[in-house]
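Please walk through the contacts between side chains in this protein. The text takes up charged pairs and then aromatic rings.

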Amino acid sequence: MATVVAGPYQTIPEVQGLFVSHLENVLGTSFDLKIVARSYAAARQTEKVVLAEIERLNNILSSYLPTSEFSRWGISAPQTTPVSEDLWAVLNEFTEWHQQTDGALNAAAEVINQLWQKAAQTQTLPSEAERLNAVLAANQTHWNLDPAHQTATRLSQAPLRLHTFAKSYILARAAEAALKNADVDAVVLNSGGDLVIRGNWTETVALTDPKTHAENATPLTLLNVSNRAVATSGNYRRGVWVNKKWYSHIVDPRTGVPAQDIISATVVHPNAVTAGALATAFNVLTPAESIKLAASIPQTDYLIVTKEGRSFTSPDWNDLATPPTSNPSVKTAHILSVSNIKDKLWNANQELLVSFELSRFEGRSHRPFVAVWIEDQNHVPVRQLAIWYNKPRWLPELRTWYSMQRSSGLNAASIASATRSAGAYSLVWDGKDDQGQYVKQGKYTINIEAAREHGTYQLIQQEMDFNGKPKQQTLNGNTEIAAAALDYREKGSNR
């Protein structure tokens, strides 16, 4: 079983015993689960175990569920409260990482985040007094831990959030639970771009380029990862606009200012919490500070990207990374005519961004199968942007795409990126056909097809004239695709 994203990733054959599941709204984002098992029954049982463990820990550690143990403890000041082993462990990790990063990681950074969310609502930058007050509130002592009695005393009233690396902690525990099944050899958990790989398996991980972060865009690099975690933090998917300027959701709790100089940091480490903590901290610290910190923690590999486009990597980074190929891995079964030399070709400085949001259902839900492709005026497919599925036998459910009898290799790379919102995706068309040649300017049809197992079938088709003049268009949603939009624009205009 495999999932395919049409793009410049390594093509690999299907793997016997590899079971893949795609879900939405798990820990507030998309969730991909790969299980290498000796039977389908073992894989199905392991999926249930993984999701149950995630739900159990989310009910303990969630900063968003008012009924979670953490949320209830958070309003307990100034009481001393016995807490679960998991909550105590994560609070203790925050204490240690706060010290290890010289305050760059702080569970009370939420005080500063709320200040900037208010700034986005009022479109007014925080005053210096507001910023300094937020820094003072964030840098109090917020709890006291007693390891002998496993208690936690809440000492402040400042709002707290554990999402810096609580997700990494949850994924690691879920992976451990999965491998207790003797018929499971390996698992890969991908929560919105953060991964944990455990067992006898090497995962190909496509690292998202923060400047062109569509799902099918050329990655910065490909990583080959075994028995390690991959965490990425960056400013390109979440943040706020204030006075037409973008501010990251990652803030420096020591200054009250959003992180500005680093746009992406990826960390690979055997310990998932370490990877998650460092990925966030490296957005706040200077590259020199990050390099020094990483050198003090064995087996830490990283890639840091600055807003100027400079990259900093660990000494052993190249042992993990292989450069991505620029050749599309998907070939079409149709013969495409060569444009007349007099035809005006697609402007290489332009692109089409296809954005869509999957419909949300109560609680977590399996992702529908999705195909996205471009047709010319004769309804001949010229470029496949994505095909997402989990079993080849279900491909006929995407009946419009399937009727064209398109052929493709299977790409089972996982995508590592900053966390996206649940169900929100974007794809980019660079104006090239499946052979890598620019098409001529003119009218083309964008197709977004979705089919859900035991659910509905939906197809969105929209013609657009690509004549060199930028334009935007909003598309009507349906049962499976809640919203979609097209943005024909200059490259690099996403910020």
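Are Arg489 and Glu351 buried or exposed? Both Arg489 and Glu351 are buried, where buried means under 20% relative accessible area, exposed over 50%, and partly exposed in between (1.4 Å probe, protein chains only). This is a predicted model, in which local features need pLDDT of at least 70 and side-chain atom pairs count only at pLDDT 80 or more, while totals for chains, interfaces and linings use all residues. Residues are numbered from 1 along each chain as its sequence is written, and side-chain values use heavy atoms, with hydrogens and water left out.

Side chains of opposite charge can pair when their charged atoms come close. A salt bridge is counted here when a side-chain nitrogen of Lys or Arg lies within 4 Å of a carboxyl oxygen of Asp or Glu. The whole structure holds 16 salt bridges. In one of them, Arg489 meets Glu351 at 3.0 Å, N to O. Arg489 belongs to strand 28 (residues 481-490) and Glu351 to strand 19 (residues 350-358), so this pair ties together parts that are 138 residues apart in sequence. Helices (H or I, at least four residues) and strands (E, at least two) are DSSP runs, numbered from the N terminus.

Another salt bridge joins Arg452 and Glu480, with 2.9 Å between the closest N and O atoms. Arg452 is in the loop between strand 25 (442-451) and strand 26 (457-466), and Glu480 is in the loop between strand 27 (471-475) and strand 28. Arg452 is buried at 16% relative accessible area, and Glu480 is buried at 2%.

Arg56 is partly exposed at 37% relative accessibility, whereas Asp86 is buried at 11%.

Next come the aromatic rings. Rings of Phe, Tyr and Trp (its six-membered ring) pair if their centres lie within 6.5 Å; planes under 30 degrees apart count as stacked, over 60 as edge-to-face and the rest as tilted. The count by this rule is 15 aromatic pairs. For Trp116 and Tyr247, the ring centres are 4.9 Å apart and the planes stand at 35 degrees, so the pair is tilted. Trp116 is in helix 4 (residues 110-122) and Tyr247 in strand 12 (residues 245-248), 131 residues apart. Elsewhere, Trp346, Trp429, Tyr444, Phe466 and Tyr488 form one aromatic cluster.
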